[in-house]
Amino acid sequence: MGLIASYNLRSMTVRKGTAAMTAMGIAMVVAVFVMTMAIAQGFNGALVASGSNENAILLRKGATSETVSGVLRTQLPLIQAMPQVARAGDGHPMASPELVVIIALPRASDDQPANVPARGVGPLAFEIRNTLTFVEGRRFTPGTREINVGKQATVRFKGLTMGSDVKFGSAMWKVVGVFTDNDASFESEVWGDVDLMMPAFQRDGYQSVTLKLTDPSAFESLAAAVEADPRLDLKAYPERDYYQGQSETTGTLIRVFATFVTAILSIGAVFGAVNTMYAAVAYRTREIGTLRALGFSRSRIVSAFLVESIALAVIGGVIGCFLALPVHGLSTGAMNMTSFSELAFKFRITPGLLVNGLIFSAVMGAVGGLLPAIRAARIPVARALREI
Amino acid sequence: MKFVGLILKSARRSKRRTALTMISVALAVFLFSALRAVLDGFDAVSAASSSTRLVTIRSTSMIFSMPTSHAEMIKSTPDVQDITWANWFGGIYKDPKNFFGQFAVDPESYLRMYPEIVLTDADRQAFLADRTGCIVGDGLAKKHGFKVGDKLTLQVGIPVYGSRDFDFNIRGIYKANGAAVDNQSMMFHWKYADERSTPKGQIGWVVTKIGNPDRATQVASEIDAKFANSPNETKTQTEQAFSASFASMLGNLNLLLGSVALAVVLTTLFVAGNTMAMSVRERTTEIAVMRTLGFPAATIFVLVVGEGLVVSLIGGAAGAALARIIVNGESLGLTGGFIPAFGVNNGNVVVGIGLSLLIGLLAAVIPATMASQLKIVDALRRVA
């Protein structure tokens, strides 16, 4: 094995041009694969990061997202009184009634209006989402028309920079702080006091309640308590599951697209590998005959040529990964189909994705090399040796 | 022309290799034409959108509604010929996955505003006469097997419409004449939805027909001025601008699809270029013999480039034809909602074939240069 692998690997360098072209073909496919999957992962990641194990979200029964949900004002105290809700230091229940409305703001890149979610939150929202940190300014003061803006939103949309006044609903709002939250979807949002947002948008109810559980294991009993109370036509979801579900429609769309494109592309690249390997086998007919005459078995010839093809493809895969790497962390936006608003997220290339890319390239190499390798093993020794 | 036979002969030299290259080019052209068609679909919607129709929405966002009195006030604006209004219903047909556009419309004026909605006279009368009647696009009807006379039940998706399911009678199946209207939507009487809506008398947007497209901007600002400083400020745009803003929400499609298309072409270029280089290398001795016999270097160059062109043209034509047959909205059933109907048209086919010629040319240039600059003596001395 060692001998034959080193023979094949060294043979690869003899015909550098062809080998390089084949590897580059595979590199392009892997690069496209990694980049498109990085979009799907980034989108998914932004929503998953929004959810925490320690939190639960309550929506109207049957509602698939916050935008179509409704929670009555009178239901809030009932929820806050539940024993599964964690208490802040001063004994206040950590449950934030929330309202999400979509406002239109011009995009910084092309001045086109884009849908931006504006979230009205309760006073303890920042304690409930404790991963959220301020990069600039401070929290809004409840009871005033002050707002906080996610980092992504300040970059992507006009007029949301620190200190500026924004008009939406029927009022002017002042930006007093900018926050980040591990690239979560909240970074694309504008946050303000829910009790002021409701009248500004002529709403008379909340849409959801997000609460911190006393303990992640308390979720089951909370869900049962909500279900059992006839005054609450609500359903509780673990926050993480809820946001995971929100990413499904768009995430699946991107993934299907990525798979379709890379599948078709990879066929082309595999054909390239097939051609190269057949040529390699043809050029080395005599050498293969010699190896067989020396006593190397057919299966060893097959595995040796397979190894050569896989090695070639993996080199391409590595190049492809490097080609794709610069997009990591680039931020982009896409419409979240469930809320009709624009969600900013970053291309996310994880080590796992790169490993998948390499495995993908190895598979392409194996598929492309199989038939030529078998051909190599079947060459009749006597005829092969006679060939010039 | 006299070298065509020779070119074909050399292309057949290694049938397997030529076939694989052709298929690679075919796949690339297939993918390219399909991507192009998606982009064209979006462009077609804005292009087909009328510039004599204005859309008025709430300035905050289109998910907010305005009172019906707005429609009356818009109607009295100078230059306005006709108005209609609609509301997004957002109901669920059996499963949220069966998403399609459902519009609560003022039936008479809506059909007048959109001559693109083609209905038979009988269906039109039946729809207008039935308070719970609805019409569905032929694409949607095909997808779910709707027939005229069927009942259609929608679960409420937006809480303002209460919680009871809505039952509709399908009174007509319309054909969409032009991309401004898609054939995957459903329209029904606005009054029916309004009866159960809280608050009542709300409309999502108003569509205005104006006589002179050159006055669109003025009329739009006159309309918006009427509602300035009211609780329901409006924003009026031409239908064209309105649909363009929808497409832009899906993200930067042009860039994404464009870079994928570039990668497709590059990959194929590597594959095809590699094959051509191999084929030339194999024929080194042959080419040297031809040069010795007196073929000029230019002819050798043309022969190799010709081979590249023939191989990729055949592949490209096959790929484009395949795309033309497979990729159309009907056979894929992909459209509906925010993705406009798309299909590969003859223009895409021509671009695809042109692309395959480009691939063939680029792939063959380097090997052809190598072949034509071959040193005869060295080449003859070389053993394959």
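Reply: Of the 388 residues of chain A, 54% count as buried, where a residue is buried if 20 or more other C-beta atoms lie within 10 Å of its own, exposed if 12 or fewer, and partly exposed in between, with C-beta atoms placed from the backbone. This is a predicted model, in which local features need pLDDT of at least 70 and side-chain atom pairs count only at pLDDT 80 or more, while totals for chains, interfaces and linings use all residues. Residues are numbered from 1 along each chain as its sequence is written, and chains are lettered from A and ligands numbered from 1 in the order in which they are written.

Me: Why is chain A described as more spread out than a compact globule?
Reply: Chain A has 13 helices and 12 strands, these being DSSP runs numbered from the N terminus, with at least four residues of H or I for a helix and at least two of E for a strand. Along its principal axes, the C-alpha trace of chain A spans about 95 × 45 × 30 Å. The radius of gyration is taken over C-alpha atoms, and the globule rule is 2.2 Å times the number of residues to the power 0.38. Chain A is more spread out than a compact globule because the rule gives 21 Å for 388 residues, whereas its radius of gyration is well over that, at 29 Å.

Me: Which element gives the most to the side of domain 1 of chain A that touches domain 2 of chain A?
Reply: The domain assignment, which is automatic or from a database, gives chain A a domain 1 (2–48 + 248–386) and a domain 2 (62–232), with 46 Å between their C-alpha centres. In contact here are 14 residues of domain 1 of chain A and 15 residues of domain 2 of chain A, a contact being two residues whose C-beta atoms, placed from the backbone, lie within 7 Å. Helix H2 (16–48), strand S11 (331–336) and strand S12 (341–346) of chain A each supply at least two residues to the domain 1 side. The element that gives the most, with six residues, is S12(A).

Me: How many residues does H10(B) give to the side of chain B that touches chain A?
Reply: Between the chains, 36 residues of chain B are in contact with 45 residues of chain A. On the chain B side, the elements that give two or more residues are helix H2 (15–48), helix H9 (239–249) and helix H10 (253–282) of chain B. The element that gives the most is H10(B), and its contribution is 13 residues.

Me: How far apart are the C-alpha centres of domain 1 of chain B and domain 2 of chain B?
Reply: Chain B is divided into domain 1 (4–46 + 252–381) and domain 2 (60–232). The distance between the C-alpha centres of these two domains of chain B is 48 Å.

Me: Is B:Arg12 buried or exposed?
Reply: B:Arg12 has its place in the loop between helix H1 (4–11) and H2 of chain B. Since B:Arg12 has 9 C-beta neighbours inside 10 Å, it counts as exposed.
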